[in-house]
Amino acid sequence: MKYKGSGRFVGFYLYMRKAVMLLDLDLIQDICVKDFGNFTDRGYYYNKKDDPISAHLLQLDGNHWKTMRGKLTPAFTSGKIKFMLTTVVNIADELVNVLEETLSSTNMDDGVHCDNLMVRYTTDVIGSVAFGLKCNSLKEPNCEFREIGEKLCYYRYSMPIVSLMNLFPNLFRKLGFKIIIEEVSQFFFRVVREAVDYRDRTGEQRKDYLNILMELRKLNTADNLTMDEITAQAFVFFVGGFETSASVLSFCLYELALNQNIQEKARREINEIIAQHDGKPTYEAVKEMKYLLQVMYETIRMYSVVPGLVRKTAEDYIVSNTNYVIEKGTTVIIPLDAIHYDPDIYPNPEQFDPERFTKTEVENRHPMAWLGFGRGPRACIGSRFAEFQVLIGLSSLLKNFRFSPTKRTQIPIQFIKNKIFRGAEKGVYLKVEKL
Ligand code: HEM
């Protein structure tokens, strides 16, 4: 907001790194899409040799990233996702049962700890589709998967050290520095090894993500994946998949609790559509839930899971319509929150209003005005899966329960500062009534 209107971008130092923040939506489009070839990397530290699990899609750069993205893309087609959704619907049923059981033992003056419940739902979903495991965190909140998941959400080192690692990756690689906590890494190696061994032994075939990764392992071409790579990519499904969607679900329930009319409208849509699909939020049913999708997009506008997108400049880049060059090696930051809260793009940005995401409204805005899943070839690979995971969870909840604030609900909500993905500082506590 401070530099808005002063130029197409602004430069500064991020610890010791040169960085620019983009202030112009056309320039964002050039960098993410048209001139993507010069901005393929994020420049995050990873160490394939000593810390193989860190070499996952989110962190990889250059040709490593390009090859891996190509291998994984087919796993996220609608056809593949459709098969995974039966599992998601079953876990959403369990979520409803667990919440119902929770109600009798909850003091409703405080309310239900909804973000805790949401993260258990998404942990069980991702554990099941990415690892073929029943994590059971809905039933057993303190299970191992949750403990590990919690450790994943914070940085291993303080920000200045992470920044140094990003600045001098080769030096830190030579020194054998790891970025993933040892316990987390060992846990995932063990879990994936056991799941793969089990399927190899029994010949079990499932239509899940692990199966797709195992198929890639068997290929006798340059495209085949090693066990290290399978583990790292299953791991990224976990990193990218559970905390992000849980965060969106929690903030969404919070806004719906504060905006009862919107909650009612969403519930009406869900009930009407589900009634035509045997009472279940199936793939086909969820695809029809246009208003609920608007609710999700508006939630992500206000509570994007990360505050900015990051790219690294490969070669000197002449910025059109200026006399400036963004130098090779410069970190480029796209300020998601600033764009999503720009009153010139979204009037009354503090107000939760899903009507901003009707087809007409979206078409009338610049294509870069909403960046919740990023943009261009490096955008979120799991966005479609995320939409289903969130919408199936939301529709199961809203169909069965009403949510409203309690005296413990923090209004306006504040965020935890050092968490990788956005989370509510004091949790999301809401009154829940069975309908
Ligand atoms: C509502 C939930 C989600 C949100 C809001 C979200 C958001 C994002 C964002 C903003 C990025 C960065 C994009 C960019 O730099 O342009 C990203 C990347 C990524 N996301 Fe998601 N994500 C979500 C769910 C998921 C799920 C379920 C998966 C499961 C696989 C996933 C996997 C990834 C991966 C692997 C990347 C890195 C892609 C690459 O570098 O090629 N995300 N996501």
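**View A. L175 in its loop.** In this predicted model, L175 sits in the loop that links helix 7 (169-174) with helix 8 (182-202). Its relative accessibility is 56%, so L175 counts as exposed, the cut-off being over 50%. L175 also belongs to a nonpolar surface patch of about 690 Å².

**View B. The hairpin of strands 1 and 2.** Y15 lies in the turn of the hairpin formed by strand 1 and strand 2, with 2 residues between the strands. Look for its positive phi, about 55°. Strand 1 (residues 9-14) and strand 2 (residues 17-22) are antiparallel and pair over 6 bridges.

**View C. Strand 2 beside strand 7.** Strand 2 also pairs with strand 7 (residues 331-335), this time in parallel, through 3 bridges. V20 has V332 of strand 7 as its bridge partner.

**View D. The shell around the ligand.** The ligand is surrounded by 28 residues, and the closest are W65, R69, R311, R378 and C380. Helix 2 (62-72), helix 10 (227-258), strand 4 (308-312) and helix 16 (383-400) each supply at least two residues of this shell. Helix 10 gives the largest share, with 7 residues.

View E. A side-chain N or O atom of R42 is 2.8 Å from a ligand oxygen. The backbone takes part too: a polar backbone atom of L57 is 3.4 Å from an oxygen of the ligand, and a backbone N or O atom of G240 is 3.3 Å from a ligand nitrogen.

Notes: Residues numbered from 1 in each chain as written. Predicted model: local features only at pLDDT ≥ 70, side-chain atom pairs only at ≥ 80, totals over all residues. Heavy atoms only, no water. Patch = residues over 30% accessible without salt bridge, like charges linked within 9 Å, V, L, I, M, F, W, Y side chains within 5 Å. Areas by Shrake-Rupley, 256 points an atom, 1.4 Å probe, with all protein chains shown as cover. Salt bridge = Lys/Arg side-chain N within 4 Å of Asp/Glu carboxyl O. Helix = DSSP H or I, 4+ residues; strand = E, 2+ residues; numbered from the N terminus. Buried < 20%, exposed > 50% of the residue type's maximum accessible area, 1.4 Å probe, protein only. Pairing = 2+ DSSP bridges. Near = heavy atom within 4 Å. Polar contact = N/O pair within 3.5 Å; in protein donor to acceptor, adjacent residues only side chain to side chain.
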